[in-house]
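Work through the exercises below with the sequence and model open. Try each task before reading its solution.

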Amino acid sequence: MGCATPQRAPFSTALDWVTRSREYKAVCLQTYASALEKVAAAAQKEPGPWAIVMDLDETVLDNSGYQRDLETKGEAYSQESWEVWVLKKEAALVPGAKEFISKVRALPRARIIFISNRYARNTNPTRLNLEKLGVAGANDIYMLRKEKADTKIIRQKEVLEGTGRMVKHGAHRVVAWFGDAAHDMPDDPKLKWGTHKFMLPNPIYGNWDE
Ligand SMILES: [Mg+2]
């Protein structure tokens, strides 16, 4: 057609989709808008302690900056470079997460529990990153990973039963689960997509890629 060959973007399609597309943003906003309605309605029916459980990375925190660094350097993910990134506290926000979280906090007796595979030793920098973004709350509970064997299944159970790390807080009814990976939600057929569990898009990494 006589046009110049389009310049190939320097980053992967997955990263460009997350950082540049209106569609990624729309899916996130759509998910959180719909979740807010469901959570508000469900919370009203809860007589006792209730919570929402949220994953952090690519659910609340946007780590596309880390991915950009990796692709620029031609490196693959490593635990070492990941921890350097976590300590920098430079993660941004997934679209819609901040508004959603602040509206949930305004609901009576709301509690937000973060179950993340970030290591528990990095709870403080993680909290500071969330504070910087204006999404940290004084009564949030952080259930980060103690060691490799400390799976999300174990921590989900502690939340639901009020055992282990949750003894001091007691058992919570979880009205909704949020994540970007299947393992962020308990494997329970009673939990329905779009009602009790909400998935955010992450085309950059996941178990599907391993
Ligand atoms: Mg995640």
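**Exercise 1. Find how helix α3 and helix α4 cross, and which residues make the contact.**

Step 1. Locate the helices. Helix α3 covers residues 64-73 and helix α4 covers residues 79-88. Helices (H or I, at least four residues) and strands (E, at least two) are DSSP runs, numbered from the N terminus. Residues are numbered from 1 along each chain as its sequence is written. This is a predicted model, in which local features need pLDDT of at least 70, side-chain atom pairs count only at pLDDT 80 or more, and totals for chains, interfaces and linings use all residues; side-chain values use heavy atoms, leaving out hydrogens and water.

Step 2. Take the axes. They come within 10 Å and cross at roughly 135°. Axes are lines fitted to C-alpha atoms, for helices over the stretch in contact, and angles run from 0 to 180 degrees between N-to-C directions.

Step 3. Classify the angle. α3 and α4 are therefore oblique to each other. The scheme is this: under 35 degrees is roughly parallel, over 145 roughly antiparallel, 65 to 115 roughly perpendicular, and the rest oblique.

Step 4. List the contact, meaning heavy atoms within 4.5 Å. α3 supplies G65, Y66, D69 and L70, while α4 supplies S81, W82, W85 and K88.

Step 5. Sort by class. The contact of α3 with α4 has four nonpolar, two polar and two charged residues. Ala, Val, Leu, Ile, Met, Phe, Trp, Tyr, Cys and Pro count as nonpolar, Asp, Glu, Lys and Arg as charged, and the others, Gly among them, as polar.

**Exercise 2. Compare the packing of α2 with α5.**

Step 1. Helix α2 spans residues 22-44 and helix α5 spans residues 97-105. Their axes lie 10 Å apart, at an angle of about 10°. That makes α2 roughly parallel to α5.

Step 2. Name the partners. Y32, A35, L36 and V39 of α2 meet A97, F100, K103 and V104 of α5. By class, this contact has seven nonpolar, no polar and one charged residues.

**Exercise 3. Which residues coordinate the magnesium ion, and how are they spaced?**

Step 1. The ligands are D55 (OD), D57 (O) and D180 (OD), at 2.0 to 2.2 Å. Donors are N, O and S atoms within 2.8 Å of the metal (3.2 Å for Na, K and Ca); water is not among the atoms, so sites may look incomplete.

Step 2. Along the chain, the donors follow the spacing D-x1-D-x122-D. D55 and D57 are both buried.

**Exercise 4. Find residues with a positive phi, and place each one.**

Step 1. Recall the background. Most residues other than glycine have a negative phi.

Step 2. Take E58. Its phi is positive, about 65°, although E58 is not a glycine. E58 lies in the loop between β1 (50-54) and β2. At a relative accessible area of 8%, E58 is buried.

Step 3. Take R109. Its phi is positive too, about 60°, and R109 is not a glycine. R109 belongs to the loop between α5 and β4. With 47% relative accessibility, R109 counts as partly exposed.

Step 4. Check the helix ends. K89 follows α4, and its phi is positive, near 60°.

Technical notes. Buried means under 20% relative accessible area, exposed over 50%, partly exposed in between (1.4 Å probe, protein chains only).
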